[in-house]
Amino acid sequence: MQRGTSEVMALTSAYPTPTAGETMAASGYHGIVLDRLAKQAVEILDVEESCIFARDQADPNMAIVAAAHGADEAIVGKRVPVGLEHSRAGHGALTELSWGGDVQGALSVGSARSRARLSSTDASLLEAFAPTVGAAISHAYSRADTHPNMRGHIAGLVAALDERDGYTAKHSEEVVATSRTLGLALGLDRAALAELEVASLLHDIGKILVPDSILKKRGSLTPDEFAMMAVHPARGAEILARVPGLEVVATIVRYHHERWDGMGYPDGLSGARIPLASRIIAVCDSYNAMTSDRPYRSAMSEADALTELHMHAGWQFDPAVVYAADEAFQQEVAA
Ligand SMILES: [Fe+2]
């Protein structure tokens, strides 16, 4: 069964026309994906600037600034000898970007306010983020045509999830609708809204890799079983990063079980460093689960579910997102 794709805007049409940043061999679309990944790097690592360098295919000793965020945009498109990306960006931390066993480029991040090396936790975050950016550069160079294929990829993944876990597929479809309501209430632009919708639809795609004995278990999971279930955001992100055009969505999916207080998984990211779309999905995921009938309990009322969200605001959930949910969902109930 094909669910949900009619509700999901094609990211290709939602992204704005490229301006600066459309450089290297990237098509306009891939250039925009790299721009948005550079922005995600700044937010997740809580730095001021990021630069994505792509290996120059005509000269493997050179790298091109493919995207930058928070930095002087004039550096986008400039070439720099491989190994000297650090000096071009003037940043404190740099990691190599690889995909499919090949080095694709480098990602540097830094802040004028702090040129100190990243903490070990932030260095781990950078390492976890790097493969997704490497995938985006690889897709750009292979000129993978996103436009006709993306809907097919999304539909195929939704069908795979539906076959493994019909409840989760149906639940995800409902999360798309509530996420969209909340995204609109929070003023997301068209591109961010499209990313949010696709991420909502596929946020649990990593569950297709969780064994049935755990996925379909009734009752609570043992600590070992929970640990196996808890890999689904990271595995989901890996699946989505392979799809040209869904690299930004992959990052959103990776962080949908993070908590505002930093006690979530897989990376323990906290506060505004968690992508806003991931924070929205966290709230909508819980709201939709609480207001749905399950074999072992009846659905909670919308009012009780909102009260429950408020009880966890500032701990599990972003308080601003919960406040927006309060307004947006109550308006929907009243309409
Ligand atoms: Fe999940």
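Helix α2 (residues 28-45) lies across β1 (49-55), β2 (62-69) and β5 and runs at about 65 degrees to β2. Helices (H or I, at least four residues) and strands (E, at least two) are DSSP runs, numbered from the N terminus. Contact means heavy atoms within 4.5 Å. Angles, from 0 to 180 degrees, are taken between N-to-C directions, with axes fitted as lines to C-alpha atoms, for helices over the stretch in contact. The model is predicted: local features need pLDDT of at least 70 and side-chain atom pairs pLDDT 80 or more, while totals for chains, interfaces and linings use all residues. Residues are numbered from 1 along each chain as its sequence is written, and side-chain values use heavy atoms, with hydrogens and water left out.

Five strands form an open sheet in the order β3-β2-β1-β5-β4, with antiparallel pairing; two strands pair if DSSP finds at least two bridges between them. β3 (79-81) and β4 (93-99) are the edge strands, each pairing on one side only. From one strand to the next, the twist averages 30 degrees. β4 and β5 (residues 102-110) run antiparallel and are joined by 7 bridges; T95 has L107 of β5 as its bridge partner. Helix α4 (residues 120-141) lies across β1, β4 and β5, at about 50 degrees to β4.

Helix α6 covers residues 166-185. Buried residues (under 20% relative accessible area, 1.4 Å probe, protein chains only) in α6 include T168, H171, V175, T178 and L182. G187, with a positive phi near 80 degrees, follows α6.

Definitions and conventions: The expected span of a helix is 1.5 Å times one less than its number of residues. Buried means under 20% relative accessible area, exposed over 50%, partly exposed in between (1.4 Å probe, protein chains only).
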